[in-house]
Amino acid sequence: MKETKMNTHLSGGRLNVALLQETMRKELLNLLQLCEGPKVTIWDEWLAGPVGLIAQYLLLKDHEVVDMFPLRPGSLPTISVKHIVFIARPKLVLMDLVADYIQSLRTKQNSPVEFHLFFVPRKSELCEKTLKDRAVFSYLSIQEFKCDIFPFDSDVMSLELQNDFREYYLEGDPTCLYNAAQALRTIQHLYGIIPRVFGKGPAAKQVWDLLCRLNKEDQGSPPKGSTTSCIDQLLLIDRAIDFTSIMATQLTYEGLIDEVFGIKSSTATFPGERFVSADDATPEVTAREKKRVVLNSSEELFAELRDRSFTVVGAALSKKAHVIKTQLEERHQERSVQEIKQFVARLPQMLANKQSLATHTAIAEYLKETTDSFEFHDTIQCEEDFLNCVDNEKACPFIEDLIAQKASLTKVLRLICLQCATGSGLKPKLLEYYKRELVQVYGLKTWLTLCNLEKCGLLRPQTGTRQYAVLRKALHLTLNESEMDASEKGYLSSKYIPLAVRLSEQITKNKSWTGIADVLTLLPGSTVDELQTLQPRMTRRNSISSENSS
């Protein structure tokens with residue numbers, strides 16, 4: 001098997017995330033090697049991006065993957081290879097698609113075909129039953145691609161669960177918690193035991209209990225790695241204790257890109273108009289096509305800009321442009337042969353920096369179109385008022401205007417949910433007023449959405465203590481203009497510092513919940529403060545049976 005190099009940007013942080021990438025990549029390639037000869041892969045569309053962060057198509061091509069197709073309704077062309085490999089999550093709707101493909105291909109193919117199904121991250125009895133009911137199970141060779149977590153950047157890993165919030169909070173399906181515990185187990189297998197574990201919230205406590213249960217499975221095997229860990233502390237935070245942070249608009253450079261254009265698997269897509277260069281041979285074609293840009297710390301300029309407030313991005317780009325211009329103008333100066341040789345050696349990097357600058361200048365111009373609008377400024381002002389507990393107990397005129405204009409329902413609901421979170425609920429009359437207005441303007445189908453939001457706790461009537469108001473003062477969650485400086489993160493969203501950030505700071509500074517124990521009682525669920533002593537074995541695992549995860 002051809003050895004592959006780990007991405008340098010993944011190994012540049014305090015934790016070598018490239019180790020996770022390489023482990024998952026080897027596991028995928030080992031599974032593909034079980035299918036000897038040319039093969040075609042048919043991918044669950046949701047997995048195509050995340051798995052692409054582990055193994056790109058060129059690498060798969062080197063391992064005899066001759067073509068790739070998305071797993072979607074429809075038919076495939078005639079395939080002339082022996083092995084057809086389905087790679088999918090254990091979802092019943094996907095199993096129906098797999099069954100349809102197998103039945104269709106078996107009727108069309110003249111040569112014998114072997115079908116393989118790789119479940120990600122593990123198989124499910126319900127899915128196997130569906131395949132048996134569709135009479136295709138016997139044609140399949142089933143394996144598990146145990147990829148619990150995907151490496152996004154040197155400081156970001158993600159489980160990439162598509163509907164975990166809906167499944168857990170609305171449908172009562174706790175599978176995502178099991179997946180989270182398995183992902184933590186994988187991390188500990190690779191990087192060693194995490195000695196201190198902190199957490200807050202009912203889901204956080206369940207994940208910790210599941211992790212303890214999984215750790216017990218490893219006790220029968222001796223550890224095969226260092227007893228020291230690369231990670232000092234683990235903080236588990238239930239999403240339900242901090243709805244406020246996800247309702248406020250992100251105001252960093254990367255955050256705004258995600259707000260306006262969306263970022264999926266470290267890639268964002270933009271209109272092509274502003275990416276047309278002066279030396280472009282086909283400017284009309286470039287302008288019509290969508291521009292896909294990979295956004296991670298492998299690019300020096302993006303790594304510098306990603307966490308900065310968008311208000312300072314323009315000045316940073318201007319400064320970078322001046323530096324690049326100065327470097328390129330050095331070629332006009334009289335130089336010795338040695339200096340010219342050094343300049344030529346640096347030239348490819350300088351040209352790459354110039355192209356990077358042009359790309360992020362175009363992105364910044366697109367974002368500026370949004371941030372300069374009156375609606376954006378009014379939205380941010382509305383959010384700031386709610387976050388500072390200003391007029392968050394009465395109907396908001398800005399929200400009423402948005403409803404009257406029939407603005408995006410998602411935007412309206414986001415602001416109402418923010419008002420609810422910061423007011424520790426809405427007064428019953430106000431909640432009914434908003435619901436009546438939304439149904440009258442957006443239609444009866446909106447009623448189901450509102451019921452779901454109430455079931456999740458994102459909309460609720462106001463009762464008892466105003467928890468947010470107490471938390472805001474006790475943990476200093478909001479800042480005024482005089483307090484805004486480079487050391488604070490209030491620019492993340494409307495001068496608000498996320499509760500999760502304040503809890504992380506507490507753990508980092510004090511190594512315990514000491515000092516905020518009284519404040520934590522205002523948040524729902526149990527508090528976790530544990531010391532781990534078990535050393536997990538450093539091998540891949542066959543864990544709790546699929547009966548428990550189906």
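Which residues does L459 touch, not counting residues up to four places away in sequence? They are I416, C417, C420, L426, L431, L450, L453 and E454. Touching, or contact, means heavy atoms within 4.5 Å.

This is a predicted model: local features need pLDDT of at least 70, side-chain atom pairs count only at pLDDT 80 or more, and totals for chains, interfaces and linings use all residues. Residues are numbered from 1 along each chain as its sequence is written, and side-chain values use heavy atoms, with hydrogens and water left out.

L459 also belongs to the largest nonpolar core. A nonpolar core is a set of buried Ala, Val, Leu, Ile, Met, Phe, Trp, Tyr and Cys residues joined through side-chain atoms within 4.5 Å. Buried means under 20% relative accessible area (1.4 Å probe, protein chains only).

| Core | Size | Named residues |
|---|---|---|
| Largest | 98 residues | I399, V412 and L459, with the most contacts inside it |
| Another, apart from it | 28 residues | L256, V313, I324 and L357 among them |

Helices are DSSP runs of H or I, at least four residues, and strands are runs of E, at least two, numbered from the N terminus.

Helix α15 covers residues 374-387. Its buried residues are F376, T379, I380, C382, E383, E384, F386 and L387. Their cover includes α14 (337-371), α16 (397-404) and α17 (409-422). C389 follows α15, with a positive phi near 60 degrees.

D242 sits in the loop between strand β9 (233-237) and α9. D242 counts as buried because its relative accessibility is 3%. It touches Y496, P498, L499 and A500, not counting residues up to four places away in sequence.

Conventions: The expected span of a helix is 1.5 Å times one less than its number of residues. Buried means under 20% relative accessible area, exposed over 50%, partly exposed in between (1.4 Å probe, protein chains only).
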